Amino acid sequence: DHRAPIGVDIQLPAKKLQDVREKFLSENEVKDSGNDMETLCIYWCAKEAIYKAHGGKGVSLKEDIHIQEFEKNDQGIVRGVLRNKPFVVHYSFYDHHVLTWSREA
């Protein structure tokens, strides 16, 4: 359905994300993001975009939404899953921010 809800998020990569990453990322996601602030921000924004596309009620970013490992580029696609529902998340960098938009796959 081309009218499936989309979720959008934009965020500036910032140190505060490192301070709270264990609250929203799985162990593998923390490991994959390493110390790269932009990669960490893509994970965060991807989860937020999926959360928003889903409607957000009763969803844990850490427990319910999982993002597959990816290689960071200037723009790209990451794949995520919300409780067995696949999502595609597009990302790009805009004015030093990470911009994501997501819809159910």
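Two strands pair if DSSP finds at least two bridges between them. In this predicted model, Gln-11 stands opposite Val-98 in strand S5. S5 covers residues 97-104 and pairs with S1 in the antiparallel sense, over six bridges.

**The sheet**

S1 and S5 belong to an open sheet of five strands, whose order is S1-S5-S4-S3-S2, with antiparallel pairing. At the edges lie S1 (6-11) and S2, each of which pairs on one side only. On average, neighbouring strands of the sheet are turned by 25° against each other, direction ignored. Helix H3 packs on this sheet and touches S1, S2, S3, S4 and S5. The direction of H3 makes about 150° with that of S1.

In soluble globular proteins, nonpolar side chains tend to be buried together. The largest nonpolar core here has 24 residues, and the members that touch the most other members are Phe-24, Ile-50, Ile-65, Ile-67 and Val-78. Helix H1 (15-24), helix H3 (37-54) and the strands S2 (65-67), S3 (75-82) and S4 (85-94) each supply at least two residues of the core. H3 gives the largest share, nine residues.

What does Ile-50 touch, not counting residues up to four places away in sequence? The list is Ile-65, Ile-67, Gly-80, Leu-82, Phe-87, Val-89 and Ser-102. Two of these residues, Ile-65 and Ile-67, are also named above among the core members with the most contacts to other members.

**The cysteines**

How many disulfides does the structure hold? The number is zero. The table gives the values for two cysteines.

| Residue | Closest cysteine sulfur | Distance between sulfurs | Relative accessible area |
|---|---|---|---|
| Cys-41 | in Cys-45 | 4.1 Å | 0% |
| Cys-45 | in Cys-41 | 4.1 Å | 0% |

**Confidence**

The protein chain has a mean pLDDT of 94, and 98% of its residues reach 70 or more. Among the elements of the chain, the lowest mean pLDDT is that of H1, at 93, and the highest is that of S3, at 98.

Conventions: Residues numbered from 1 in each chain as written. Predicted model: local features only at pLDDT ≥ 70, side-chain atom pairs only at ≥ 80, totals over all residues. Heavy atoms only, no water. Core = buried A, V, L, I, M, F, W, Y, C linked by side-chain atoms within 4.5 Å. Buried < 20%, exposed > 50% of the residue type's maximum accessible area, 1.4 Å probe, protein only. Helix = DSSP H or I, 4+ residues; strand = E, 2+ residues; numbered from the N terminus. Contact = heavy atoms within 4.5 Å. Axes fitted to C-alpha atoms, helices over the stretch in contact; angles between N-to-C directions. pLDDT = per-residue confidence, 0-100. Disulfide = S-S within 2.5 Å.
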